[in-house]
Amino acid sequence: MDYLMAFLVGGLICALGQLLYDTTKLTMAHVMVLFVVLGSVLTGVGLYDKLLTLGGAGASVPVSNFGYVLTKGILSHLQRDGWFGLLSGAFELAGAAIAAVILFGFAAAVAFKPKG
Amino acid sequence: MTQRKAGKRSISFGPGVGITASSTVVGPMEAAGPLGRYFDTVLPDTKYGEKCWEGTESKMLKEACESVMQNAKAQPEDVDIIVTSDLLNQLTSSSYAVREMPINHLGVYSACAGFAEGVIVAGMALVGGFASKAVVAVSSHHDAAERQYRFPTELGVQRPPWAQWTVTGAGAAFLEFPAPDPLVVSRATLGRVVDYGVKDAYDMGAAMAPAAADTIEAHLQDFGLPINHYDLILTGDLGSYGLEVLRELLARRGIVVDTQLEDCGALIYDRNKQDVHSGGSGLGSSATVFNGYVLKQIPQGRWRKVLLVATGALHSPVRVKQSESIPSVAHAIGVEVKES
């Protein structure tokens, strides 16, 4: 059942992205930013948590989850530190993802040569 | 002085500028296409021993220049002028290709219409008495063009069905005046830049089709010719969709196409087997198809009169990102075998 829900939720998110890409003039960058913002907004109104419970990795793997971790961190710091939390909280959860991107990006750049 | 101007926009080359030799260099994908056997040199891969695709493109262009001179049995010293064109910023491929050649050089740009523009410029110099032997050579490379005009190739961006595939190839022609052989460029029509407001940098066939229709109409009017004067009218790189748009536009102008109308970009690949969507594009499209497929079959009598309408999308990546539309141009050259 977990697998099925992950497939359905993840599949729907990706299908939405593909539809946007196919039917509008939006480029890949537009769609990506849109999904991060959408994930952030859904987190703010408390819906993304429900989506994660429902779909598990189906909701945590797509890029919309990046909006979730950013907003989630900010919300927790906001409660703890007040307004300063708006600035300090962004990387609370996202920090690990960003560090991984830097590390793997660096490792790939050192190990491989571009094709052309 | 002999008047060479014909009508408003055309040039008559009088007895004709002779095409003494031609040469083509293509990548593996072009060689695997339906016209593969008409091309002279085939690259083993898209790098050809170079570190980057830009280097490969220059190398292809240089080899096309060298082999066209060999085919014409001429030395670089015999050539008065070499006209080259390519797609990359600052005519990168051109300058790096000719930097070791002791030949006067003119670089011209009209995107994928570069070959026809080069022939017109060289033809005017020859018939005007400013030169007696000239080389026209142009090139394009899929990967180099893709990253300059659209996205980095390794990003793996999805291409819409109307997208075209930039031809990896170079083509060159050796021109002489007076013409030693019966095969000549006898007429040319200069393109005007037209813009129907197409903004999609993938949809170049639709952007360029109006320019092709405009130039074909002007050519027929200026010389008072019926369209079936030519056995073959060959557009440069409209692709399959663009070619349909052109037929429609010509019909609206009251021009009934009762002769063979083809597009180099639609001919060069097998769209059912090769993943190229609407067909080929780039300077390599018209230059390799014309210098290979067409010029090799004219002596065999398949066609006697051919009009090459090379089409060019003149957008810059910067202006497209600023939401500007794509201006286009089409230059036409009429080639024929003179009756002796």
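In which handedness of crossing does H6(B) pass H7(B)? In this predicted model, H6(B) passes H7(B) in a right-handed crossing. The two elements are helix H6, covering residues 204–223 of chain B, and helix H7, covering residues 239–252 of chain B, and they pack at an angle of about 40° with their axes 8 Å apart. Because angles under 35 degrees count as roughly parallel and those of 65 to 115 as roughly perpendicular, H6(B) and H7(B) are oblique to each other. On the side of H6(B), the contact is made by B:Gly205, B:Ala206, B:Met208, B:Ala209, B:Pro210, B:Ala212, B:Ala213 and B:Ile216, while H7(B) contributes B:Gly239, B:Tyr241, B:Gly242, B:Val245, B:Leu246, B:Leu249 and B:Leu250. Divided by class, the residues of this contact comprise 12 nonpolar and 3 polar, with no charged residue.

Elsewhere in chain B, helix H4 spans residues 114–127, and its 14 residues reach 20 Å from the first C-alpha to the last, close to the 20 Å expected at 1.5 Å a residue. Of the 14 residues of H4(B), 12 are buried, so this helix is largely enclosed by the rest of the structure. The buried residues include B:Phe115, B:Val119, B:Ile120, B:Leu126 and B:Val127, and B:Glu117 is also one of them, as are the glycines B:Gly114, B:Gly118 and B:Gly123 and the alanines B:Ala116, B:Ala122 and B:Ala125. H4(B) is followed by B:Gly129, for which phi is positive, near 85°.

Chain A contains 7 helices and 0 strands, and its elements, read from the N terminus, follow the order α-α-α-α-α-α-α. Along the principal axes, the C-alpha atoms of chain A fill a box of roughly 50 × 35 × 35 Å. Of the 116 residues in this chain, 21% count as buried. When contacts in chain A between residues at least 6 apart in sequence are considered, 61% join residues at least 24 apart.

In the second pair, helix H2 (residues 28–44) of chain A and helix H5 (residues 64–81) of chain A pack at an angle of about 45°, with their axes 6 Å apart. H2(A) and H5(A) are therefore oblique to each other, and H2(A) passes H5(A) in a right-handed crossing. The residues that meet are A:Phe35, A:Val36, A:Val37, A:Leu38, A:Gly39, A:Ser40, A:Thr43 and A:Gly44 in H2(A) and A:Ser64, A:Asn65, A:Phe66, A:Gly67, A:Tyr68, A:Leu70, A:Thr71 and A:Lys72 in H5(A). The contact of H2(A) with H5(A) has 7 nonpolar, 8 polar and 1 charged residues.

Between the two chains, 7 residues of chain B are in contact with 4 residues of chain A. The side of chain B that touches chain A divides into 3 nonpolar, 1 polar and 3 charged residues.

Conventions
Residues are numbered from 1 along each chain as its sequence is written. Chains are lettered from A and ligands numbered from 1 in the order in which they are written. This is a predicted model: local features need pLDDT of at least 70, side-chain atom pairs count only at pLDDT 80 or more; totals for chains, interfaces and linings use all residues. Ala, Val, Leu, Ile, Met, Phe, Trp, Tyr, Cys and Pro count as nonpolar, Asp, Glu, Lys and Arg as charged, and the others, Gly among them, as polar. Helices (H or I, at least four residues) and strands (E, at least two) are DSSP runs, numbered from the N terminus. The expected span of a helix is 1.5 Å times one less than its number of residues. A residue is buried if 20 or more other C-beta atoms lie within 10 Å of its own, exposed if 12 or fewer, and partly exposed in between; C-beta atoms are placed from the backbone. Axes are lines fitted to C-alpha atoms, for helices over the stretch in contact, and angles run from 0 to 180 degrees between N-to-C directions. Angles under 35 degrees count as roughly parallel, over 145 as roughly antiparallel, 65 to 115 as roughly perpendicular and the rest as oblique. A crossing is left-handed if the near helix is turned anticlockwise from the far one by less than a right angle, and right-handed if clockwise.
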